[in-house]
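Please read them with the sequence and the coordinates open beside you.

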Amino acid sequence: MLSRRETFFTLSMCLAVFASGCSSDGGNGGAGSVPEKVIELNILGTAYLGQFSWEPANEAFSSALSLRGGDPILLNNLGITRVQQNRLDEAVDLFEQALAADPAFPWAHYNLGLLAKNDGDFAGAVGHFQTVAAYDPDDLHAQYNLGGILARLDRADEGEAAFRNALAKNPTHVSTLYALGQFLMQNGRQEEGIELIQRSEEIRTRHGGDTIGIAYGEQGPYAIAIDYPGNVLAAPPPIDVRYETGASIDSDPDGAWSLGPVDGHAALIVAAGGTLHTLTAATGELDAPPGTIRALVAGDLDNDGTVDLVALVGDGSVLIPYHRIGDNGWATDGFSGTGGIQGETAAIVAVDKDHDGDLDLFWCGETGCAFAVNDGSANFEVDGSDAFGFSTGRLSAPIQVGFSDIDNDRDIDLLVADAGEVRLLTNQRDGTFSSIGPDRGLGTAAGGGPLAIVDLNKDGAMDLVLSGPDGLRWLENTRGRFGPAEVLAADGNGEFTITDIDNDGFLDLVFSTGQGISVLHNRGTGAWERRDDLFANAGPGDSPLASWDADGDGDHDLAVRASDGIVTLWTNQGGNANQSITVTAEGIGDNRFAIGAKVDVLSGALRQKFEWTRPVPLVVGLGGRDTVQSVRILWPSGVLQDEVNLAAAEIAAIQQLDRKGTSCPLLYAWRDGEWRFVTDFLGGAAIGYQKAPGVFSTPDTDEYIVIAQGLSTDDGWLKLRLNNQLEEVIWFDQVELIVVDHPTGSQVFPNERLMPAPPWPQFKLYASNEVRLVVSARSVETGTDVTERLRENERVTVDDFALKPYKGYAETHTLELDLGPFGEGQRIVLLLDGWIDYADSSANVAARQAGASLVPPRLTVADGSGRWLEAADRMGFPAGLPKTMSVELTGLFPSTDHRIRIETNMRIYWDRARVMIGGEDLPLDVRRIAVASADLRAGGFPQPTSPDGRKPFTYDPERVAAYSGWKAHVGAYTGFGEVAPLLRHIDDAFVTTRSGDEIELRFAAPPPPAPGFERTYLLFADGFGKDMDPNSAAATNLGPLPFHGMPYYPYDAEVIPPDRPRIDQPPPRYVHPAEDGLPGVLPQVLAARVDTP
């Protein structure tokens, strides 16, 4: 397939050819520019297509065409929309109009080929696909389609060659393996054909596999609506900007520096001798560690909201790390080890390398690199890079380190640059990194020198800018690979910085020429204007050091260091005549200043992407735009958050949402003429959940859920709804309705609770006429009497325990219950209502680094003489949102002292405590009813509600959002429609659901209970779930697919899944990797917040 650079170039050429035959575009820029309103409408249309909203997409593309008639991109996109609306004749006409505007336009050829193929016109289709294949020899989908068509035209050799060309692009492509296997069998080559079909089935069973479908987004990139390339948007007309010199500070000529807040203002911090100088609109000083500072970085190391400093100190020997926590002095006692790195030249960054919510440190000197891993409290374990999977060898000045998600796969990659090369270290998600620079266009081929990581061309990928003997160079990032360097300024061989001098939303380059400082002013559409006048007073040897809003006036100022080390602030005068928005972020589950977060800012057609690398605000230029439709933050932990409809010139202070995608599906019941929320379920069914580094959970795949308050019939049916509303895949294998008729006045509960590990509780029912509250209850650590809190299930929980900084963790807390009197030999069942705030994989990794681990509830009983005896270390805990768990205590008490203690450090909130006594002999009539019908459909995202604003939330079935910011695992999901046959047996033939899916279940209502009996309903559900936490296993793809009895997850190649039964079901839906690198297609596209005009 074409690289993004090649695609953008081709699209730009198409646009240029189109524009050359048209009138002026209204002064929006150069020959390749497109009016901004057209770009905005096209963004909107593609967003609506991604949401399967055909009519709004039709309106957006039609409006764009009214402004720019004959544009092949718009004609093609509208044609795709008409295909989805089944207006096929109109679609053909639109594609043909696109070809009339540009006869080589491959997107129109591909879509006409699909339509001809589907109409049985194979002779007509083949020419279109051959055109696409010639244009883009690497496109698998064109080769796949050619293979099938040529085979139908009795051009067997050509058809086989096309199929094999497709397999060469992806040897595990399920559809191509199957199609080629069928082709070979039809042509008498049974053995190889059967082998290929079996391989396709094995891949489908194990991983889901890549396939070609029939719905939008499933037929290849040329069948998806096209965005305009970023370089077609022109910058607005320039405004008058000048720089004035202001405050200055002393510095060593090559003194280390960093940016960070000082006294509430973003400041430059520069080393000078034994002092640290600070520079904003004013100047100041901080104390410095002893010795020569070789590198300096600011960051909140202990997540207390205050920025700390780290310095590497050395005089040619081993670099010693010092830190300054808050206003405390400099110290080394927070570091265990030094890493053994030596050199007079060094560089350091603070970054959450393992996505566990705290900042680690990475530094390099002349002899190599080291990591300091944070335990969350600013205590660091230091080791050389060999312990993390790589070695850089010796490095030569200048040395620079950086981090970015280069391949857009949601984890932090590292870059190390020196005089000779750029090393790219990709995150392996197991604590190690792998050096892949030469394979990605870097290494010595890219050269070395000062480095910046930035999206320079607005395509959503982080590019590289380098300077050195070969000049100031740009290396474009195309899906994690870098193209050849493009020289932007031959004399840009020194320091440089990237800024937006005039707040127009287009990033500019300020660079040292050796004789002074010059600017490359970004004019959009790939054009640069050189400005030597802005820093005309800069002298030889002057170098730009850093750019930030030093005086708080909404534009970018610049620090310049002279050859003698003096650093001067040059304040921007006039840049704020254009609009800007200042963005700050506060992490809750992530590090406090959002270091490592990706930030997308959308204002009209202007899209900008940043990565937060320093603890200072982002000042984002907007040109003349006065509204920001969306600021989207992808936090390091994977939480995706949109803040919408923000006004320019304001400070957007964004606090991270507490909405990690590690929960459970929701259950709704039809009762008294409406849907009512019950609870969540399958909390123990998670796979890939990391309990500790390298230790993964075993799933408890089934659960019995009491449907409190019962069910009402609707035309002879009992109805339930299952909603998957969070960022996870849920595989449902079986559901049954359990109907329990029991004597009137008695109560029934299943033997249900969540255990930390097998063996799991076996199904049984507890029933009794005697269920009573405990006599008393107290919190042992605080001595608080909590009896009243546990009398009613009314959201007044036992919560008098301190929380640890890791999600799901608390200080140890112990609940003491007096169960009251009961007779010897009676069956005793403890009924505890409560809920749990789960820990996630990233929290477990962070906790282990600090020496903490979860301790599930531990049960002890009083022995009657003042001591406590271990009774059951496998008591279990409530699974998710509020529900009742049962623990049989029969025979555990050695005396008439019936007190128990429950001790844990999990965030468990007990709400009610009761005791069930006796009841073994009660008659129970238990029936299991198979599901009669199950309608899988798009159900949306029920909104959380709370009567008091606190957790736990319930989810209102009447307040449902159509879209959400959740991502989706890549792979094949069950198609919408009737799926009941998949839910009648535990057989690993799943209903595979993504966020926003819902299943409405119908069960045949049984006759009413016999006189003297009442009824309790339970839902039995079996399945698996997987979240997208960066520290969970296989967190971005559906595969490997789970199965009952698998020995571990993710399982290796030697583990062979059982054959899954083939059951009739709707055609699958597919989620492919998104262009912006997020794991799956977003149900809420960034542009979709904009209303169609």
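Helices and strands are here DSSP runs, at least four residues long for a helix (H or I) and at least two for a strand (E), and they are numbered from the N terminus. The model under discussion is a predicted one.

1. Glutamine 709, to which this way of naming strands applies, lies in the loop between strand S43 (702-706) and strand S44 (717-724). Its phi is near 70°, a positive value in a residue other than glycine. Most residues other than glycine have a negative phi, and most peptide bonds are trans. Is glutamine 709 buried or exposed? Because its relative accessible area is 68%, and the cut-off for exposed is over 50%, glutamine 709 counts as exposed. Arginine 795 likewise has a positive phi, of about 70°, although it is not a glycine, and its place is in the loop between strand S49 (776-779) and strand S50 (809-818).

2. One runs from lysine 951 to proline 952, with omega near 0°, and proline 952 sits in the loop between strand S59 (941-945) and strand S60 (954-961). Another joins glycine 1039 and proline 1040, with omega about -10°, and proline 1040 is found in the loop between strand S65 (1013-1027) and strand S66 (1069-1071).

3. The chain is divided into domain 1 (36-206), domain 2 (244-579), domain 3 (580-655), domain 4 (661-689 + 698-745 + 922-1056) and domain 5 (747-921). The centres of domain 2 and domain 3, taken over C-alpha atoms, are separated by 20 Å, and the contact takes 40 residues from domain 2 and 35 residues from domain 3. The size of an interface is often given as the accessible area lost when the parts come together. For domain 2 and domain 3 the buried area is about 2800 Å², of which carbon and sulfur atoms give 58%. Of the area that domain 2 buries against domain 3, 21% is supplied by Phe403, Arg410 and Gln579, more than by any other three residues.

4. How many salt bridges does the rule find across the interface of domain 2 and domain 3? The rule finds one. Separately listed is the salt bridge that aspartate 405 forms with lysine 598, in which the closest N and O atoms are 2.6 Å apart.

5. Strand S16 (residues 413-417) is mostly covered, with five of its five residues buried. In a regular strand the side chains alternate between the two faces of the sheet. S16 pairs in the antiparallel sense with strand S15 (residues 400-404) over five bridges, and valine 401 stands opposite valine 416 of S16. S16 is also joined by four bridges to strand S17 (residues 422-427), again running antiparallel, with valine 422 in S17 as the bridge partner of alanine 417. S16 and S17 form a hairpin with four residues between them.

6. An open sheet is formed by four strands in the order S19-S20-S21-S24, and the pairing is antiparallel. Its edge strands are S19 (451-454) and S24 (486-489), each of which pairs on one side only, and the twist averages 25° from one strand to the next. Within this sheet, strand S20 (residues 463-466) and strand S21 (residues 472-475) are joined by three bridges, and valine 465 stands opposite tryptophan 474 in S21.

7. Valine 567 is found in strand S31 (residues 567-573), and with a relative accessible area of 0% it is buried.

8. Threonine 280 has its place in the loop between strand S4 (275-279) and strand S5 (283-287). Threonine 280 counts as buried because its relative accessibility is 15%, and the cut-off for buried is under 20%. Leaving aside neighbours within four places in sequence, threonine 280 is in contact with Ala247, His265, Ala266, Ala267, Ala550 and Leu569.

Terms used:
Residues numbered from 1 in each chain as written. Predicted model: local features only at pLDDT ≥ 70, side-chain atom pairs only at ≥ 80, totals over all residues. Heavy atoms only, no water. Buried < 20%, exposed > 50% of the residue type's maximum accessible area, 1.4 Å probe, protein only. Contact = heavy atoms within 4.5 Å. Pairing = 2+ DSSP bridges. Axes fitted to C-alpha atoms, helices over the stretch in contact; angles between N-to-C directions. Domains from an automatic or database assignment. Buried area = accessible area lost by both parts, 1.4 Å probe. Salt bridge = Lys/Arg side-chain N within 4 Å of Asp/Glu carboxyl O.
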